[in-house]
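Open the model in your viewer and keep the sequence panel beside it.

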Amino acid sequence: MSINRNKLYSLLMIGCLIGYVWVYYGLTTDFAENKSTGVCLIKYATNIPCPSCGSTRSIISLLKGDFREALHLNPFGYLIAIIMLVVPVWIVTDTISKRDSLFVTFQKVETHLKNPRIAIPLILLVIINWIWNIVKGL
């Protein structure tokens, strides 16, 4: 599937905006302290956490400066937080400068991720994180 620059930038900005709203919701409610099922459909249906369970709480812990707790909840929270910070700035910079550096980088990363020598270890990391989420009873 090929995606054009404008569609990619729009989807990334919408995703980041939804993420900001969701994190704000988590910060302004007792969501972060609540260890219940929440909104994860996989956990709701199977009572087994998905690989990304705990990511929102991880980002909230990062915002509160509790880096150890963020790592314990879900290391993917660090990656998601970086993406949510960098991508909007990158998109605005590309738009103002009339460049497409994020789009070119996305295409290069996508190409590299199709290489089994890169894809398989990353898939294994996701599986390890998933097992860790299950073991720690997230």
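Contact here means heavy atoms within 4.5 Å. Select Val87 first: leaving aside residues up to four places away in sequence, Val87 touches Leu12, Cys16 and Leu102. This is a predicted model, in which local features need pLDDT of at least 70 and side-chain atom pairs count only at pLDDT 80 or more, while totals for chains, interfaces and linings use all residues. Residues are numbered from 1 along each chain as its sequence is written, and side-chain values use heavy atoms, with hydrogens and water left out.

**The cores**

A nonpolar core is a set of buried Ala, Val, Leu, Ile, Met, Phe, Trp, Tyr and Cys residues joined through side-chain atoms within 4.5 Å. Buried means under 20% relative accessible area, exposed over 50%, and partly exposed in between (1.4 Å probe, protein chains only). Select Ile3, Leu8, Tyr9, Cys16, Val87, Ile91, Leu102 and Phe103; these eight residues form the largest nonpolar core. Helix 1 (5-28), helix 5 (76-97) and helix 6 (101-113) each give two or more residues to this core, and helix 1 has the largest share, with three. Helices are DSSP runs (H or I, at least four residues), numbered from the N terminus.

Next, select Val23, Ile59, Ile60 and Met84, which are among the seven residues of a second, separate core.

**Helix 3**

Colour residues 55-63. Why is helix 3 largely enclosed by the rest of the structure? Eight of its nine residues are buried. They are Ser55, Thr56, Arg57, Ser58, Ile59, Ile60, Ser61 and Leu62, and they pack against helix 1, helix 4 (67-73) and helix 5. After helix 3 comes Gly65, with a positive phi near 85 degrees.

**The nonpolar patch**

Now show the surface and select Val109, Leu113, Ile118, Ile120, Leu122, Ile123, Leu124, Leu125, Ile127, Ile128, Ile131 and Val135, which make a nonpolar patch of about 1,100 Å². Such a patch is made of residues with over 30% relative accessible area and no salt bridge, its nonpolar side chains (Val, Leu, Ile, Met, Phe, Trp, Tyr) joined within 5 Å. A salt bridge is a side-chain nitrogen of Lys or Arg within 4 Å of a carboxyl oxygen of Asp or Glu. Helix 6 and helix 7 (116-135) each supply at least two patch residues; helix 7 has the largest share, ten.

Within helix 7, pick Ile131, which is partly exposed at 48% relative accessible area. Val135, also found in helix 7, counts as exposed at 66%. Finish by drawing a C-alpha to C-alpha distance from Val135 to Pro49: they are 86 residues apart in sequence and 9.7 Å apart in space.

Technical notes:
Patches are made of residues with over 30% relative accessible area and no salt bridge: like charges are joined within 9 Å, nonpolar side chains (Val, Leu, Ile, Met, Phe, Trp, Tyr) within 5 Å. Accessible areas come from the Shrake-Rupley method with a 1.4 Å probe; for residues, only the protein chains shown count as cover.
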